[in-house]
Structure formats: structure tokens, C-alpha cells
Amino acid sequence: MNLLDLRLMSSLSRDDVANLARLARIEMSDEELVNLSTEFTVILEAVARVQEVAGADVEPTSHPLPLRNVFRPDVVTPSLTPEEALSGAPASEDNRFRVPQILGEEA
Amino acid sequence: MIRKSAAEMATALASGEISSVALVQAHFDRIASVDKQVHAFLYLDTEGALAQAARIDAKRAKGEKLSPLAGVPLALKDVMVQKGIPTTCGSKILEGWRPPYDSTVVANLKKNDIVILGKTNMDEFAMGSSTENSAYGPTHNPWDLTRIPGGSGGGSAAALAAFEAPLAIGTDTGGSIRQPAAVTGTVGVKPTYGGVSRYGLVAFSSSLDQAGPCARTVLDAALLHEAIAGHDPRDATSINAPVPPVVQAAKNGDVKGMKIGVVKQLNGDGYQAGVRSRFEESLELLAMAGAQIIEVSCPNFEYALAAYYLIAPSECSSNLARFDAMRYGIRIGDGDGASAESVMNLTRAVGFGREVKRRIILGTYALSSGYYDAYYGSAQKVRTLITQDFTNAFTKVDVLVSPTCPTTAFKIGEKANDPLAMYLNDIATIPVNLAGIGGMSLPCGLAPEDGLPVGFQMMAPAMQDQRMYSVGASLEAALLSKWGAPLLSKAPALGGAK
Amino acid sequence: MSLTYDDVILKYEPVLGLEVHVELNTHSKMFCGCSTIFGGEPNTQTCPVCLGMPGALPVVNEKAIESTILIGLALNCSIAPFSRFARKNYFYPDMPKNFQISQFDEPICVNGFVDIEIETDEGNKKFRIEIERVHMEEDTGKSLHVGGVTGRIHGADYSLLDYNRAGIPLVEIVTKIVPGTGKYAPEVAKAYVAEIRDILRSLKVSDVKMEQGSLRCDANVSLRIIGSDVLGTRSETKNVNSLRSIERAVRGEMIRHAELLNNGQRVVQETRHFQEDTGLTRSGRSKEQAEDYRYFPEPDLVPVAPDAAWIEKLRTTLPERPSIHRKRLQEQWAVPDKEMAAMINADVLDIVEATVVLGADPTKARSWWLGEISRVANEREVAIVDLEITPSDVAEIVALVKAGDLTDKLARQVIEGILNGEGKPAEVIAKRGIKVVNDNSALMAAIEKACAAQPETAEKVRSGHLPAAGALIGAVMKATGGQADAAKVRELLLAHLGQS
């Protein structure tokens, strides 16, 4: 990605925001989309500063501590009861979570 | 009694001067009289707390050996899961959810017989610096009810400042323990990342979140720190090493021969005059106590805010995906052949507030294909550079210091429509989270221009948390002898009674 | 119009890509301590972690890591000195966190290969299938669709979710593209999955039960015109769950693609579902926009960095490669190729071997398992390992027959009893009162003949003068050519003459 692309992308159109909202599963009104698009112009300009010093020679840090190989033994521990598991469910049936019809690919 | 420190309360409990039930009841009475004004609490577990206090009193009567803080009450930030007690994270989306399990912090509190009074208010999912982003209304700063108590842990800090609890639990992702402590005149500590288990802490940004103690004195914070810290096999990022000797450090409070570094980039332009003068005064006190004050430069800190506002939203966009109306929380738009997808879309639209949505969208963008390297990837590199700045600085000094925040508490509503101005509050606290090291804020006086508290921040290398407690305790003692009384005694009276 | 397979391969060359998903057989889930036992009551094997509850955190199961490294080693992969888990973000109700913990650009094993051999009209042919990566991930929950057409997602009124399977450790084995299989593509695909299954079984890291879904395959197929080096558009047929279906799915997709291409239409890059009844694939619901999974390193888990000592220790536990093992057994047992193939096809090789290890003669063991017992398994439509009979039962029966304590005919009754749940061999023999009758008729005939030839001697013995029996025994021994057991003859003779 070159710098020109980055500058171009320092703003997001209403449609860009709409696409992100779809990915994030948040219904948004037209007004919200437009507002966010305006706000992002300012915010993205500020956060894009990270690119000024993020050279190819710098290793990224994903974890603040240099821990490695943290595992648990393969031992079964008690589960919740189905009542506990389902205690917060908006709807349930036969000890299963009841959810609205799933439109999408069959898994 | 409610104005005493937790350590003093513990002594009174141990000597039989007061029972835990009476102490807890006194705090509930105080809450009843002032929380209408402050709004620090979202939920009070009156019955549970009093029952727990009674059990502790009974144990004490039987002569059982109890932990140092046994019977002392505490306020729990509503981001921490407690079995059977509503946990909302300040969000509408979790309204009514009662978790079926205890967080490790709560389990440790219970093990230490610390009495949990209830859950405190916060910015929704810990996103904010003012507690204005709570779906349940803002918390007010006990120093000036028209002002913010900081955030995201404004409820916990305000509860301490209003004497509604002597101890509180906070969580700090970019300053959510330290900044509220600073603006309310209380003590807040963000331990080294991995020092306190995150199991049961509802995640905002997993690689930055850290729970820690909030208190009115350095020693109280240290006692609570020891009670909640330690390795937890249920958190893979938890450090498997002994807890740093923070209580000992807080009791000794010795800075003789210590090298204290003033971070050049976290002072000066943009910092309120009164904040700077109180900070300078504190440095003088530390020098008089025998510390050597040195200026150090951390050039990459100027990129910290930008990196933070990419990393935290990115991780939050993923962490908050689970709030989808399928398994827990509210569900909007079900029925009439609605699909799961539309129910998710509507529930998240209604259930999340504006700031949370803003950050989810920003994070979704920063992680999306084609932009990952430019945003999230670059931010992770800045994180490396900031860690290197700290590492370099700690070769020269033992502890780094700065003002905790650039300004004192601002007015409720003042920055609500300017996200960037709001984000700037965290400019001095964020580098600590990015590097995973420890940070503490200590009240260091009132800004002359507005009479509001100023925070003094100390930062120590990973797993050297005791160093902050040494400096904090030393400065606290020097300030106390200068003031003659704790800072909070100067706060205005609340409610009807004193 | 409909093309034949021969038409397709005249013009096109298939290019394969195979992804095998394996459920590991750890006791507990990938990131929490919930049990992995198959078939539990709904949501009885769940906890805050695998339900994705707010605040819960994953911790990696060490056994799952070891199993994955073992798989990598068995598939000739390099084990990455540093690998990380990543979050794959997308919303789906059967996935509690709305992200799957998986591995993205840093898988645990890379660059391996598997050699396979198939029988063809032109003799046996060998192929090397290159492995791109072996990575770990977690399984999702299961949904039950209610209303509409039973069990189908489309048209359902609502769905019911059970998260017992959510968080079961999965390993995904991904090949590089597999060119050059020509007309044998369907057989190669089948043989590859069979070989992977055998390797996994020998490693004891998975139950590899395709019918229960613990091993499933996604087959990517594309066609290119012979001689061209431009790859065609691929389709991905999901969750094919038997060896036979893999072969059929690849063949079917080749024909479907060729028909589209011949008609000047284009192949759509999409997910397809294999239908067992028709042998055809059906289009998955195509998405309006491509999914963007927004992978990033899982911040709740620290990197996996196995050191050389750990890897070498695991390497020493690797069993013999199944193909080599099979060759060795065939030599040791002196089994003809055809019989060997029959055992492999009937999936009885392991069980025959176990029986032989317990002392049974290989030929006898093979004939019982492949014959009588396989027949019953087929009748009952169950896997042979799920029958009541065990290798030790068969070994015991073979030994009884050898000792002359059972005839083949009686042995068959004993096996029948075991298969009917009547117990172990001794119990069945006792319960059914199976009399172990030795075949003494020839001996008795010789004894009677000897007595008839020497009536006085016989009378002496009958009257109690036992030493006289020697002459009669000698005559019987002579008559049977010295093959009879003299002690047995004496016993029978004395009994015959009323002296026992």
C-alpha cells in the first residue's frame, strides 16, 4: 500500500460506513451514516499518524508481554448446568437456545 | 468511620471496635444519602453484602484467622462479572443479565472476605473518559457535581471521593483507573498487564485491559492490590510469578537514592497551568525526600494516542461481536418472520450507544482487508516503539512520572460532541497500557485556578509495581504533612448530612 | 445435454484442492474444560468460555497442540518454531463469540506431503499430494431448524442451538493445488482422504468417523483446458462425509464444470453442498458481498513456540506409516494382494492385526473377521468395531478350534452367541450347552474291529485283567498308522469294555 492510497483513504464515504456497519451488524440510519462519515475524516487523519514511524524494520507487538506456550492440561472440568447456560437466553426451548430463522449458508 | 482509610477500618474491625455489618450498613446509609447526587452505583447488593458481613463477623467471633481487609466494603466496577449479580458494563445491551459465574477478581475478593456493596457506573463497555457514555446516566464528580468524575471508571472513583466505599475495583485500558482517580482526588493503580487476572472482566481491548485497585490512600491500594493479584490458570496472559511486594513498599515509602524520570513529552504545552504547578511542586517534595529527578525523552509517545485509537477499537470490534441477542442480553425485533441477522442488526443498533458504535465501526475498518497493514499493523509497530522508549528510559531511571491528565475535571457535556478532544484526556495514561507496564495516579493538590484535584502519575517497569508504591507513599506522606489533612477533607459536603 | 466423464477428460484437466477437517479426540475442548463426549444432552457440555459469555477467556489445550504437531510430523511438515492463533471474525448464531479462534498466516505446521497409490487398469499408480498447512481451530455449535421443510435451514421458522460441539478442537489439513491427476482425479481424492484417515487413526489423535462428522472433507475442483496453464474457477464442495462421496463429488463437479464451460457459461466461485441421494452438488446461498474476516492475532492467547526438544520427543512416538505397516503385515502374513485389498476395503485390517497379536493364526483371524463377522456387520449396517465381538474373543475361538475343542461349525455358533450379546466365548459355550464332542468315531471303529478280531483278549479285559489291553491297543495303533493318541485309545478301549 503506498502513501497516496493512504491519504485517499483518510476519509470514508457514507457508503463505506454503510458497508462497515453491515460487517459489524449494526443497523444505522442515513443520518448516523453521514455523521460517522464526517467524524471519521477527522479521526482517521489523527490516527493515520501511526504510519509516519511504522517502518518495515519495526516488529509489530501483538501481546504486551513476551509469554509463550501457555497451556492447560487436557482435563475435563465441570460444565454449567443447562439451566445456568440458558439463564440469560432471550428465548429457549428444550434446553436449547431459541433464535430467529437463520438466513445464510448452511454450515 | 466511613471517612477513615480501609486500613484503619480493618484495624477497627480486628479490635472489635466495629462489626463488619455495622460498617457495611454505615456505607449503605451514606450511599442512600448522597448517591442521588453522585450516581456512582448502578446496583446495590444490600442483602448479599450484609449477609456476607455477618458471616465474616461470625468467623471473627470464632477466632478464625482473617485476611488483612476482611470485613471492609468495596465497590465493584460493573464491567467485572459477579455470579448472580446484574452486570451491564454501562450498556443497555446487557440489561438484566445475571452472569452464572464469578470473575477471578471477585473470587479473590470473596476469598479475602472483602464485602462487595454493589456495582459502579462506567462509560459503556469502558469506552470513554467521563462516564457520560453510560446508558444509565452520568456520574457526577463529588468535588463539583456539574463536572465529570473521569472515565471509564467514574463510578468507582466517585464512590471513593464521596465516602460511599473505602475501596473499589477499576479497570484500565487507556487510563480508566488513573484518570478518574486524578480528577476525583483519589488513588488509582493500573498493575502490570497480566498481574491481575482478566477472567470475568468483560473485554474492551484484550491486549490493553487490566483490572486494578482504587482507594483513598496508597497503602489501601496496596492491600487491595495484593488481595486481587496473582497467577490465574484461566487467563493465558496472566503472569506466573509472585505478586510484587507492594504492601511492603507502601509501608516503607522510601525514595532515597531513587532516580525519577520526568517524561519530557508528557508535560508542557497543552497541560493546564495549575496541573503543571502542582506537578512541579510534587517533584520538589520528592527531591527533598532524597530522590534524584532527571528529565528523559520518549520521542514515540506522540504517536501513542493514534496507536491506541486503532488498537482498542479494533479489538473491541471483535470482542463486542458476541453481543448479538442470541444467548444473553436484550433482543430487539424478534417475530413476524424476522431473521437472526435483522434481530442482531436491530439489537446492536438499539443496545449500543454512540461512542461504542463509533469505535466498533472504526475498528472494523482498521482490521478490514487492504487496510490492516496501514492501520492495525502500523499501530502494533508503534506499540513496539513505545515499549522501546520505556525500556530505554528505565535504563536511566527507576520510575517515570508525569501529570496523570492534561486538565482537571471538565464540565458534563463540554466535550460530548467532540470525540477527538475527549480522546486527548488519555494522552498521558495511554503509553503505559500500550507497553503493558504499571501506572499509578496519586492526588497531588488542587489546581489554583479551579480548586479541582490534580493527579500525579508514576510509571514502573513490568512486574516492578512496588516502585510506584514506594514513590507514591513517600509523596503522599510529604503532601499530607504539608496540607495537614487529606485532600478529600477539602471536598464540599454532599447530601443533607456531613 | 449431458456429458460423459470420458468427454470431460478428453478436453479438460482437473485441478484439485482438498481440505480435511478432523475433530481431535481430546477429553476436553480446545479452550475450556468441557467434555467432548459425543451425543450428550443439549447444552450440558458448555461453560462461560465455550458459550462466549462476557468476560470468559480461552486457554489452549496442550494435548490438542501435541496432536496437531504429531499430525504435522506424520504428514512430513515443518513445525513452525513460532505460530499464533488468530480471530476469524464473522457473525453466525452457531458461533458463540461471533469469531472463530483459528490460525491465519502463522499455522503450526507447513509444507508437507503424502504419497498415495491407486489401482488402475494401467497398473498401480503413485501420486504425491503436497500439503500446504495444518492448522488448529474450534468447532461451532449445532443448529436444529424448526418449521418449514424438516431439518432444512431455508424456510425454517426458527432455530434451536446446542453448543455442546462449540469449541471442540479441529485440525484442518489443506493441500496445495493438486494438478496432474488427469482422469484419476476422483480416485486420487478418495485415496488421499483414505490415507489421511489411516494416518490419523494410527496416530490415535481422532476417532476419524466420517459418519459422525469427526472427519470431513471440502473438495475444491476446477478445470483447465488440456495444455493451458490458466487455472479455471473453482467450486468448493463442503462437508463431504464418506470416501465414496468424495469420489462422486469430484467426478460430479468435473462434469458440471465441463458442461458449463462447453456451453460458454462461466463457473461461479461458490460453496456447494454434496447430496448423497443424487450424487450431485447444490449451490450454497451465494453471498451478495464477499465476507471480510478481519483476521488479527488473538490477544487472549499467547504464541505457540514449540522447542526442538519437544518436537523430537513427539517424533519418537510416531507410529509406523500405515502404507508401510500394511506392506509389512502382508509379507509377514503371506497374504495375496487380492485378500489384502479385501481386508483394507472392508476396514478390518486393524482388527485382524489385533487378533493376530493375541496369538491367532493370521489366515484364521482374517477369515472370521472378513467372513462371518463382516456379514453380520453389513446386515446390521454398523461398523465392525461397534459389534459386541472383540479381537480377544476371536483369538480365543481360534485357539479352541486349533486345540480341537471346537469345530468350525460350533465356533460359528459361539460367534453368533457373542454377536447376540450372550457374553464372552466361555459364557456362550456354557449357556448354549455347546458340547465339545471329539471326533472319535474312526478310533471307535478301529477299537471295535480289534475287539472283534481278538474276542478272548477282549473278554479278559472285560473281566478285569487290564494288562491284556496292551495287545488290543497295539492293534488299534497299527490300524490307524500310529497317528492315534495311545492314551486316548486306552481310555476309549477301557470305556468300551466297561473298565473305566
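Which residue, with a positive phi, follows helix 11 of chain C? The legends below describe close-up views of a predicted model, and the residue in question is Gly421(C), whose phi is near 80°.

**View 1. Helix 11 of chain C and the residue that follows.** Helix 11 of chain C spans residues 408–419 and has twelve residues. From its first C-alpha to its last, helix 11 reaches 16 Å, close to the 16 Å expected at 1.5 Å a residue. Gly421(C), with its positive phi, comes after this helix.

**View 2. The buried face of helix 11 of chain C.** Ala411(C), Val414(C), Ile415(C), Gly417(C) and Ile418(C) are the buried residues of the helix. Viewed down the axis of helix 11, these buried residues fall within an arc of 160°, so they line one face of the helix. The cover over them includes helix 9 (362–380), helix 10 (391–402) and helix 12 (425–432), which also belong to chain C.

**View 3. The contact between chain A and chain C.** Chain A contributes 34 residues to this contact and chain C contributes 46 residues. On the chain A side, the elements that give two or more residues are strand 1 (71–72), helix 4 (82–85) and strand 3 (96–100). Strand 3 of chain A supplies the largest share of that side, namely five residues. Sorted by class, the side of chain A that touches chain C has 16 nonpolar, eight polar and ten charged residues.

**View 4. Strand pairing between chain A and chain C.** Strand 1 of chain A runs parallel to strand 2 (residues 60–61) of chain C, and two bridges join them. Within this pairing, Phe71(A) has Val60(C) as its bridge partner in strand 2 of chain C.

**View 5. The open sheet of chain B.** In chain B, eleven strands form an open sheet with mixed pairing, in the order 1-3-2-4-6-5-10-11-9-7-8. Strand 1 (41–44) and strand 8 (292–296) of chain B stand at the edges; each has a single partner strand, so one side of each is left without a neighbour in the sheet. From one strand to the next, the twist averages 30°.

**View 6. Strands 7 and 8 of chain B.** Strand 7 (residues 259–263) and strand 8 of chain B run parallel and are joined by five bridges.

Conventions:
Residues are numbered from 1 along each chain as its sequence is written. Chains are lettered from A and ligands numbered from 1 in the order in which they are written. This is a predicted model: local features need pLDDT of at least 70, side-chain atom pairs count only at pLDDT 80 or more; totals for chains, interfaces and linings use all residues. Two residues are in contact if their C-beta atoms, placed from the backbone, lie within 7 Å. Helices (H or I, at least four residues) and strands (E, at least two) are DSSP runs, numbered from the N terminus. Ala, Val, Leu, Ile, Met, Phe, Trp, Tyr, Cys and Pro count as nonpolar, Asp, Glu, Lys and Arg as charged, and the others, Gly among them, as polar. Two strands pair if DSSP finds at least two bridges between them. The expected span of a helix is 1.5 Å times one less than its number of residues. A residue is buried if 20 or more other C-beta atoms lie within 10 Å of its own, exposed if 12 or fewer, and partly exposed in between; C-beta atoms are placed from the backbone. The arc is that of the directions from the helix axis to the C-beta atoms. Axes are lines fitted to C-alpha atoms, for helices over the stretch in contact, and angles run from 0 to 180 degrees between N-to-C directions.
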